Structure formats: C-alpha cells, structure tokens
Amino acid sequence: MFYEQNSGSKQSHWIPLSDMMTGLMCVFLLISLICIIELQSRAKVAIQLAQDFQGARTDLANDFNKNFANESSKYGGIYLGNTDFRFTGNTFLTGSYELNESFKHYLNNFFPKYLSILLKEQFKKYIIEIRIEGHTSPYWTDAKSELDAYIKNMALSQARARATLEYILNIDSPIIKDKKNFSWLKEKLTANGLSSSRPLKKINTNNIDYSASQRVEFKTLLLPDPKIACKLESFSKNQNLNCLEKIK
C-alpha cells in the first residue's frame, strides 16, 4: 500500500515536470522558428537591395557608355568602361596645379553632361560620393629621397584635385548653377590626392608610365560596396559567381 502510494506520489510529481519540459521545448522551438523566419526575411530584403543597387550600377555604366564611349579625346582613355573616368596627359603643366586651357575646355562640356546623368532619379538615390582623384608619377626633380618625392607629389595631387573641383563648380551651366543641384553636389563631391601611390604601367610591361600616371580621375561611388553586392548575389543564387568581373 505504502509502495503504491509512494509510486503514485512520484508519478504525480514527474507528470507535471514532463509537461513543463515539453512546454519549454515547444517555446524554444517556437522562438527558433521565429528567429529563422526573421533571418530569412532580412536576408531576402538584403539580397533584393543588393540586386537593386547592382542593377543601378549596371544601368549607370550603360548610360555612361552610351554617352561617352565614342568620344575621342586628346586626354587618352577617358571612359574606363564602368562608372569611372580618367584624364591623363595634357591636363596640367608639369609641377603645377593650374588646369590647362584644353582641359578646361573639355571639362566645360564633360561635367554638365556627366552631372545630368547622375541626377536622374534612378541613379541619384544610390550615389554616395563623386570622387575627384589627383594622381602623380613618382618623379620629382629636386627630391632628396623617395619619401621627399612622395610627400611633395602628395601636396601636388591634392592641389590638382581641389583645383579641378573648384573649376567644375564654377562652370557657367544652368545645371550646375541650380541651387538644389549645387547643394547636392556639395554633399557628394570630394577632392582626394593620392600622390604616386597608384601609378599606371606601360602596356604589357611592368614599367611605370610617367606621363599617364599624372592624371585626374572622376569616380562615382554607389551603395553598397560592389564586393558586398556580389557576395549577396552569389549567395542568393547558391553558386560561386565572380560577378566582380562583370562590374569591371
């Protein structure tokens, strides 16, 4: 009798405990399920955003290609085939940050046209920076050392980038003088000097092209970083896709 009562007592003790454990397990499963659904939802949104950004970048490159690819210029390869432009050669006098008249003339035509494309609604919202980069060759006539040449070229490249920025903002064009556009440009335009850190090489050689290395570049930066977009795109398609090659 005592055993049966004791056994019944134990049973009545374990049944609620097992019910409680089952209930807790259900709660944990429910929380896990909610977390998985939430993560999947966020991943889906992130992938869609990345694809939208990537699409905007591709469309912008296509628009640039349509408007600039066939332009020949004394400055060499202007349009780089993505969202970037390069001006080499006859842009500044050696050692000077004053723009050559021919470079000014080209910018008078180039920049309003370039800006009119950037201001299109399908691109404007994705643009985070319009970067003007000044570059130099590693050479400096009276430099005392490689470091001395690098520092002097840094100052020159920064001055050239700033001079280019100042010039394009003073171009007498309605699209630049428009107050709304000017406010937007002030937020997006930056001038950066990189000295001789990224010299250009002569074709099929490892030798520095000193003339071509002295250049100004316009770069249009969009969100997100292309590398992140590529990883998300590859993830969404469950394959190892090197889409960076498509972006270049």
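Reader: What makes aspartate 178 a cap for the N-terminal end of H6?

Author: A side-chain oxygen of aspartate 178 lies 3.0 Å from the backbone nitrogen of lysine 180. A polar contact is a pair of N or O atoms within 3.5 Å; within protein, one must be able to donate a hydrogen and the other to accept it, and residues adjacent in sequence count only if both atoms are side-chain atoms. At 3.0 Å, that oxygen and nitrogen are inside the 3.5 Å limit.

Reader: What should I know about the model itself?

Author: It's a predicted model, where local features need pLDDT of at least 70 and side-chain atom pairs count only at pLDDT 80 or more, while totals for chains, interfaces and linings use all residues. Residues are numbered from 1 along each chain as its sequence is written, and side-chain values use heavy atoms, with hydrogens and water left out.

Reader: How many helices and strands does the protein chain have, then?

Author: You'll find 9 helices and 4 strands. Both are DSSP runs numbered from the N terminus: helices are H or I with at least four residues, strands are E with at least two. H6 takes in residues 179–188.

Reader: Why do the buried residues of H6 line one face of the helix?

Author: The buried ones are Asn181, Trp184, Leu185 and Lys188. Seen down the axis of H6, they fall within an arc of 100°, so they line one face. That arc is taken from the directions from the helix axis to the C-beta atoms. On the other side, Lys179, Lys186 and Glu187 are exposed. (Buried is under 20% relative accessible area, exposed is over 50%, and partly exposed is in between, with a 1.4 Å probe and protein chains only.)

Reader: What do the buried residues of H6 pack against?

Author: Quite a list! Their partners include helix H2 (101–118), helix H4 (146–169) and strand E3 (189–193). Contact here means heavy atoms within 4.5 Å.

Reader: Why is glutamate 129 called buried?

Author: Its relative accessible area is 15%, and the limit is 20%, so glutamate 129 counts as buried. This residue lies in strand E2, and its side chain makes a polar contact with that of threonine 190, at 2.6 Å. Not counting residues up to four places away in sequence, glutamate 129 touches Lys188, Thr190, Asn192, Lys219, Thr220 and Leu221.

Reader: And lysine 219: buried or exposed?

Author: Lysine 219 has a relative accessible area of 18%, so it is buried. It sits in strand E4, and its contacts beyond four places in sequence include Tyr114, Glu129 and Arg198.

Reader: How far apart are valine 216 and histidine 135?

Author: In sequence, 81 residues; in space, 6.1 Å from C-alpha to C-alpha. Valine 216 is buried, with a relative accessible area of 0%, and it's another residue of strand E4.

Reader: Which residues does isoleucine 117 touch, not counting residues up to four places away in sequence?

Author: Leu60, Asp63, Phe64, Asn67, Phe68 and Phe123. Isoleucine 117 is found in helix H2, and at 3% relative accessibility it counts as buried.

Reader: How much of the protein chain is buried?

Author: Buried residues make up 36% of its 248 residues. As for contacts between residues at least 6 apart in sequence, 69% of them join residues at least 24 apart.
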